[in-house]
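Me: I have some questions about the words used for this model. Can we take them one by one?

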Amino acid sequence: TRCSKKSAAFINRLLLPNAPLNSKYIGIKGLAAIVKVRPQLGTRYRVAVVDCLEHADPTLRQQTLALLCRMADASNVEAIVRTLVEALAAETDAFKQRELCHDTIGVAERLAPSNEWYLRTLTDVLGICGEHVRPTVVQVRLSLSPSPGLGLSLSLSPSLKPKPEPKLHLV
């Protein structure tokens with residue numbers, strides 16, 4: 001715990017706005033390693049991480065997006081997925097778009113606050129890069145039910161429902 005906090009403080013210096021590109025890259029990679037062990041430490045550096053997303057270097061942006069996927073939790077999933085979808089829409093490289101597409105859907109599936117939110121997100125992703133979405137992901141079932149309004153309710157097939165995040169017990 002003490003070691004990870006000291007490491008995170010050092011990484012914060014690497015992510016300062018005026019830090020050189022190589023320092024930022026090392027900082028993002030280091031923070032990604034810390035977030036694997038202590039996810040709550042990543043939230044302290046959200047502003048620095050977002051600054052790295054705005055950097056001109058594509059490798060730094062790609063590593064930062066991967067870090068955001070690791071930082072996602074129930075409290076920030078909607079904001080992070082919105083950022084991922086925006087990055088997905090701006091990506092012009094087909095390989096990077098495919099990777100980001102899978103990462104975005106993975107975060108959305110894992111942490112979806114509701115089926116409706118997941119379906120809206122999936123629709124947005126399909127509109128941007130539908131050719132990269134695995135067919136199993138699109139097996140969304142529409143079921144008719146006597147519900148108020150349109151009389152149509154959306155539900156996910158059991159294999160696509162968001163799974164609860166595993167609880168980690170840190171010593």
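Predicted model: local features only at pLDDT ≥ 70, side-chain atom pairs only at ≥ 80, totals over all residues.

Me: Why is Thr 121 called buried?

Reply: Buried means under 20% relative accessible area. Thr 121 has 8% relative accessibility, so Thr 121 counts as buried.

Me: What does Thr 121 contact, leaving aside its neighbours within four places in sequence?

Reply: Thr 121 is in contact with Val 81 and Ala 108. Val 81 belongs to helix 6, and Val 81 is among the residues there that meet helix 8.

Me: Why are helix 6 and helix 8 called roughly parallel?

Reply: Look at the angle. The axes of helix 6 (residues 77-90) and helix 8 (residues 115-129) cross at roughly 10°. Angles under 35 degrees count as roughly parallel. Therefore this pair is roughly parallel. The two axes also come within 10 Å.

Me: Which residues make the contact of helix 6 with helix 8, and of what class are they?

Reply: Helix 6 brings Val 77, Glu 78, Val 81, Val 85, Leu 88 and Ala 89. Helix 8 brings Trp 117, Thr 121, Asp 124, Val 125, Ile 128 and Cys 129. By class, nine are nonpolar, one is polar and two are charged.

Me: Which residues have the most contacts inside the largest nonpolar core?

Reply: They are Leu 31, Leu 67, Ile 105, Val 107, Tyr 118 and Val 125. This core has 40 residues. Helix 6 and helix 8 are among the helices that each supply at least two of its residues.

How values were computed
Residues numbered from 1 in each chain as written. Heavy atoms only, no water. Axes fitted to C-alpha atoms, helices over the stretch in contact; angles between N-to-C directions. Helix = DSSP H or I, 4+ residues; strand = E, 2+ residues; numbered from the N terminus. Parallel < 35°, antiparallel > 145°, perpendicular 65-115°, else oblique. Contact = heavy atoms within 4.5 Å. Nonpolar A, V, L, I, M, F, W, Y, C, P; charged D, E, K, R; others polar. Buried < 20%, exposed > 50% of the residue type's maximum accessible area, 1.4 Å probe, protein only. Core = buried A, V, L, I, M, F, W, Y, C linked by side-chain atoms within 4.5 Å.
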